[in-house]
Amino acid sequence: MTSNSEWRSAAVSTGTTIIAVRYDGGVVIGSDSRASMGGEYVSSRVINKVVQVHDKIFCCMSGSLADAQAVTNAVIHKLNFHSMQMGEPPLVQSAASIMREFCYNHRDELSAGFIVAGWDRKRGPQVFQVSLGGMVVEQEFTIGGSGSTYIYGYVDAKFKPGMTREQCLSFTTNALTLAMDRDNVSGGVVHLAVVTESGAERQLIPGNKLPMFHRI
């Protein structure tokens, strides 16, 4: 049995599953809702990891929740200031670049990764992955968090360029459900956001409404 002092000094690991996919006209971004410590203690079952950083730009968080929230709050502040200076809504790539700057400048202190996705007037729908060390990669779709290791095969097999909005919603929901089934630090409900030129739409899918897959 672990003593109190050992528990306090033990390394804290966190888990999640996050995903985003681009389609013609918009993006779908989503996550599970479980926050945990060390894979043993569930601190929250319904936390929303899909954060709106501007009107048509969202991000998903993974890693240390405290670090991720601190970076996200700083990015929201800086992005709003940038938008006021420019006199127009910010670009999705600008949001990803600001987040990359924070992650890189504090890479020795932070333990957080992000997905940034949204729509802007210049390039339409976009999806970016911002890694722990501050690298930015634009992709058609991307996944992250501890649960992502269980669904690489699924997303590689099921993703097809040119999917519709409904196909992307199904793809995202199925991938998150499979990860939550297998990863003990992913779970809860599914939070989704669909971002298009006309704005953002949030969806919440409770556990009893998620698709059923074979369970051993």
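**Exercise 1. Rings that meet**

How many aromatic pairs does the count come to? Before you start, note that this is a predicted model, where local features need pLDDT of at least 70, side-chain atom pairs count only at pLDDT 80 or more, and totals for chains, interfaces and linings use all residues. Residues are numbered from 1 along each chain as its sequence is written, and side-chain values use heavy atoms, with hydrogens and water left out.

*Solution.* 
- Step 1, the rule: rings of Phe, Tyr and Trp (its six-membered ring) pair if their centres lie within 6.5 Å; planes under 30 degrees apart are stacked, over 60 edge-to-face, and the rest tilted.
- Step 2, the count: this rule gives 4 aromatic pairs.
- Step 4, its place: Phe 141 belongs to strand 10 and Phe 171 to helix 5, so the pair ties together parts 30 residues apart in sequence. Helices (H or I, at least four residues) and strands (E, at least two) are DSSP runs, numbered from the N terminus.
- Step 5, the group: one aromatic cluster is formed by Phe 141, Tyr 154, Phe 159 and Phe 171.

**Exercise 2. Buried or exposed?**

Decide whether Phe 141, Phe 171 and Thr 173 are buried or exposed.

*Solution.* 
- Step 1, the cut-offs: buried means under 20% relative accessible area, exposed over 50%, and partly exposed in between (1.4 Å probe, protein chains only).
- Step 2, the two Phe residues: Phe 141 has a relative accessible area of 17%, so it is buried. Phe 171, at 3%, counts as buried too.
- Step 3, Thr 173: this residue of helix 5 has 9% relative accessibility and therefore counts as buried.
- Step 4, the surroundings: apart from neighbours within four places in sequence, Thr 173 is in contact (heavy atoms within 4.5 Å) with Leu 192, Ile 205, Leu 210 and Pro 211.

**Exercise 3. Follow strand 1**

Which strands pair with strand 1, and over how many bridges?

*Solution.* 
- Step 1, the rule: two strands pair if DSSP finds at least two bridges between them.
- Step 2, strand 2 (residues 26-31): strand 1 pairs with it in the antiparallel sense over 6 bridges, and Arg 22 stands opposite Val 27 there. The two strands form a hairpin with 2 residues between them, and Gly 25 in the turn has a positive phi of about 115°.
- Step 3, strand 10: strand 1 is antiparallel to it too, over 4 bridges. Val 21 has Phe 141 as its bridge partner in strand 10, and Ala 20 has Thr 142.

**Exercise 4. Look inside**

*Solution.* 
- Step 1, the rule: a nonpolar core is a set of buried Ala, Val, Leu, Ile, Met, Phe, Trp, Tyr and Cys residues joined through side-chain atoms within 4.5 Å.
- Step 2, the residues: the largest core has 23, and those with the most contacts inside it include Ile 19, Val 21 and Phe 171.
- Step 3, the elements: two or more residues each come from strand 1 (18-23), strand 10 (141-144), helix 4 (152-158), helix 5 (165-182) and strand 11 (190-196).
- Step 4, the answer: helix 5 gives the most, with 7 residues.
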